[in-house]
Structures are given as C-alpha cells and as structure tokens.
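User: Hi! Could you walk me through this model, beginning with the core and then moving to the interface?

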Amino acid sequence: MPETVTQLSVGYGPIIMLLAMMGFSVWLGTQAQKAVERGGFMQGYFLGNRGLGAWALALTATVQSGGTFMGFPSLVYTHGWIVALWIGSYMVVPITGFAVLGKRFAQLSRRTGAITVPDLFDARYGDQRVGLVASLAILGFLTFLMIAQFKAGALVMKLTWPGTETMALIETATADAAQHAYDTRYLIGLGVFALTVVGYTLIGGFLASVWTDMFQSVLMLIGVVLLFVLIVPYVSRDGMDQPTLKAVAATGDAYAFGPGFSTTGLAFLPLGAAVSFFFTWPIGGVGTPAGMVRLMACKDTPTIRRSIVLLSFYNGLIYLPLIVICICGRALMPGGFAPDEIVPRLAIWAAPDVPGGSLVSGLILAAPFGAVMATVSTFLVVIASGVVRDIYQRFLRPHAESNEIRWVTYGVMVLLGVIGVVANINPVQFLQKLVVFSTSATASTFVAPALMLAYWRRATAAGSLAGMLGGATMVLSLFTAGPLVEGKPMFEPYQLLGLDPIVWGLAVSSALSVSVSLITSPPPDELVAKLFDAPPSVRAATQS
Amino acid sequence: MTHIVEDTLVRRARREAALALAIWLVACVYSVTFCYLNGYERTVDSLTFVLWFPDWVFWGIVVPWSICILLSLPFAYRLMGDEPLGEAVDSEEPPASDEHEVQHA
C-alpha cells in the first residue's frame, strides 16, 4: 500500500455502486407500496400500518442525519481524540431513544388514532392550537434541513464521477467543490438525486423511507468494518500506539487530548460544550419528530425492547471503530486536503490491493450517500404528512376522500423536491451547523411537552404551548445573538455560561411547561382518563 | 370519590423512562468528569495506551460505552416489561380534539 496519497483517481466503482444503490432504493419503494396498500392510505402511507419490527425501528429511529454521519469523520480527523467525548453520549442513545417515550407514544397513537406527531399533541391536549404549533415547528425546522441535504447528495454524485480529482462530501472547507458548484456534473447530480429520492419516497411513503434507511445503515456498518480491517492493522503494525503517536507528530500534543487540536485558536470542546453534547444527542434524539413517528409506528413492546439491544451493539460497532479509523487516517495522510475527504480518500487508498478494489471503494463511498438519501426521504415523509394531515385535512378538507389525500400528498412531495432543487441551484451553506441548529431547536420545542404528554396527567394545553414556544424562542434567540452580539458566522450560537443553546432551550421549555400547566385549569378528567387509565373492563375488574 | 386505575403500561413506562434518564445522567457525569480530569491539558509524554485508545479515552468512553452495551441486555430483557398497546382506532381522518366531546360530556 502507498504510504501517503497525493493524487486519488476515482474509477467507475463508486458511480456503479451509487447507481446500484439508487436502483435498489426504487425497488424498495415499489415493495413498500405493496405493503402500504394492505391498509388505509393514511395509516399505510404515513405510518406503515403500525408494523415496524425491531431491525427497522433500531436502525432508523435515532441514527443521525446524513450530514452528521459524514461530518463526524471529518471532526475526528481535524480535532483528534476529543471527538470521542463529543460523540460519547451515543452510548446511551439506544436506551433514552426508545425507553423514554417509546411505549407511551406507541400506545397513545393507537388510542387516539394519531398518525403524525401534531395529531398526537392535538389529541392529548384537546386543543387544535397545540397541534398547529407543533406542525408549524416541524415544517419550519425540518424544511431548511431537508433542503440543505439535497446539496450533499448532489455533491456526492458529482464527486464520484469517474475522472473527478477532488473528492469532498460536504461543503465546509471544500473550496474547489464550491468553485465548481454550478458546473454540469453538480446540476446533473442534483437532478438525479432529487428524482430518485422523491421518486421512491412518493411510491412507497413511510415504509420506503424506513426500508432504505435500514438498508443504508447496514451498508454503513459494512463500510466501517471494511475500512477498519483494511486500514487499522496496517497503520498499527508497529504497535497500537502508533496511529496516535504519528498523528500527534503531524499535529501536536493537543491532538491526543481535550479540548482538541485546532488551527483556528478556538477550543473545539471546552467543558461546557462537552456537557452540552450529552444533551444534544441523547435528549435531542428523544425530541426528534422523525424519531417520534417511528415510535408511533412500532409493532409492539417487544419490538421496542429488542431495538434497544440492537442499536446498542450497532452504535458500538460504528462509532468507536470509526474514531480509530480516522485517527489512522491522520497518521497516514497528515493533511493537504479538505477534512471532509478523509473517508473517500481512505476508501480509495485502502482498496487497490483488494480484488475488485474499485467496487469495494464504491461500496464504502455509497454508504454516506445512502445516509443522505435516507435523511431526505425521512424528512419528505414527515413534512408531507405535516402539510397534508395536519393542515390540509385538519383545517381545509376534513372529510376529503382517500384518493384526494393521495394526490395532494404526491403533489406536496413533488413540490418539496422542486423546492430542494431550485434552492440548491445556488447551493445553500452551513449543512453541518444546520444539523446542530435543527436538533437543538426541535429538542427544545418538543422534549418537555412530549414528556408531559406521555406521563403527567396535570399537563395542560397552555403549558404545552408555552413550553414549545418558549423553548423554540430561546434557541432562536441564542443562535441569532451569536452573529449579532459576538460577530460570529451564521449559525454559530451565543453560548451563555459556556453552554450550548439546547441546554437553555430545554431548561426554559421545561420551566414554562410545568409552571404554566400548574397555574392554568387542569385538563378535563374525561380526556386524561381516556389516555392514562386502564380500559373500562380492567377498571371494573379492579374495583369489583 | 373516583378511584383512579392507571394503565399498567403507563406506570411501567414512567418507571422505565426515569431509569433511562438516570442512566443517561450517570453516564454524562462519569464520562465528562473522568475525561475532563484525565484527558485535558496533558502532554503526550504522560500518555499510556489500552488497545488503540489513549488511557483517558479507554476508561472515560470505551469502558462506559461497553458497559452500556451490556447493560442494554438486562435493561431490555429484565427491567422492561411487555404490555399490549391496544387496538388502533380508525385514523383515516384526523382524531377530533376532545374539546367539544368533553364539553358536551
């Protein structure tokens, strides 16, 4: 194997694997359509007939977006071992992601007939305003994030084109990619990506999204295992300390310690930020609308239990090896390229000596591309359900026929695809920061009201509204204050007392939710009993 | 006086949620504290390794992460129970806010 890589040649393997993945995703969409048609359109298309099994739930409900999956290796490569602490809270994500709200959301969605998250808020609190605010928050926070992901998908397609010399997966620090963002390959990539994702999601709805998400999660695991086997033993052939020591020699002592190596003078992970990220991933995961919908769609409680175990092992197999791989990457390739290129560079560097090396590279590269497709697909379903179910059907056409709803749904998805393409002809910026912003905003909006919805009988509609609006306002204010007060770049927040906005958003939302609930009239007993108490037959048996 | 019989699933789910959040809190306090005390502002001369990991990463992240993976087994198969979720009501139309239903009850 070559000791360093100065020029990488992209063969036909990556583009073949990408096209194969797209074809397989469309096929999954058609299979999902068959499953959807077994039940009513709304339940089938937006909730998969409440039949998600353990693998589907485990591998799709809490895994982060394509942007995060692609950005993480770049962070390890850039800042070193401290990123292990940055991502460390993923150790508890399987437990918090499923055990905190899982059973109750699955039960409440059945008792109320809710299909979307706003449906559930509306039915639980008995107030349409709560559902409407939830709906608008989802539309607002997720639409921007979805649009940003289109660019990542287009860039991957462009950069895996045979003969392309520069490889980078996302926009940060990819000067060359940015300079050529308007070129033909980018635009073709954008068009093909949008057509594929909108196409298979439109065909199969929620299940298509879930199944492709699951597929890419498996692909990601295969990619990580291949990279680990091909790279780590080679770099550590003179000792397991060698990857770190070589990387430190190329950077500095800070690469092996906190707050992390940095060339900008800004500490990557000071103490406050380390604490904050233990909120961002586990608690943010609890409050993700896409995750909550999957909980509503799970089959039964054994599914939830099994999902905890499956995801625990999956996360352990993905993140810890990926950190070691990227440290080895720094030892192998000390610099001279955009950090986002580290995974593609390692994939192409490692594969030549392997039979079918170009295809192996393609397999590894297809994994993050699949992650972007799955993310966009998920957002398409959640946003379309928000528009169709929570606005069109609830406020405009409550008794619309199934066929009408179907065509409106298709129209909304196509419209979202068009918006994604048009917005990215002039590519949007800040993908990675948008992921953190969106996670912080949705968590601050939904976590406290969702916990009250599930477990607190005294919670009121006014309390929930105050919590949602207060949490969202707090996060938006801090993200606005960063550029305005401190002159930071866009989406760099003001960190009050060194803590990230999510901590303050959750605190404000929780305080408002509880206090406003306590000072407003209790919810009607009939409403609470319907959602919290045992069914009448059980009650009668207990009282007799 | 009406006797409240809360659903078994609600009671168990509330307990399981509290336990999950307790595990999160313990993991957060341990990992952040250990890593901050042992992994910040050191020099490479003092560094030792366990497998590929610097000592502070191994004991501060890898070990608790492994414990969480193992803990997921008794958590899921011992501590959590199974309860029926109930039949789903017809949801082709949005569920009515119970506002009116309750007011007329």
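Analyst: Happy to. The largest nonpolar core has 214 residues, and those with the most contacts inside it are Leu85(A), Trp86(A), Leu101(A), Ile231(A) and Leu269(A). Such a core is a set of buried Ala, Val, Leu, Ile, Met, Phe, Trp, Tyr and Cys residues joined through side-chain atoms within 4.5 Å, where buried means under 20% relative accessible area (1.4 Å probe, protein chains only). This is a predicted model, where local features need pLDDT of at least 70 and side-chain atom pairs count only at pLDDT 80 or more, while totals for chains, interfaces and linings use all residues. Residues are numbered from 1 along each chain as its sequence is written, chains are lettered from A in the order in which they are written, and side-chain values use heavy atoms, with hydrogens and water left out.

User: Which residues does Trp86(A) touch?

Analyst: Leaving aside residues up to four places away in sequence, Trp86(A) touches Phe72(A), Leu75(A), Phe268(A), Leu269(A), Phe277(A) and Trp281(A). Contact here means heavy atoms within 4.5 Å.

User: Now the interface. How many residues does the contact take from each of chain B and chain A?

Analyst: Chain B gives 65 residues and chain A gives 93. Trp52(B), Trp65(B) and Leu85(B) supply 13% of the area that chain B buries against chain A, more than any other three residues. Buried area is the accessible area (1.4 Å probe) that two parts lose on being put together, summed over both.

User: How many salt bridges are there between chain B and chain A?

Analyst: Five, counting a side-chain nitrogen of Lys or Arg within 4 Å of a carboxyl oxygen of Asp or Glu. Arg457(A) forms a salt bridge with Glu6(B), with the closest N and O atoms 3.1 Å apart.

Conventions
Buried < 20%, exposed > 50% of the residue type's maximum accessible area, 1.4 Å probe, protein only.
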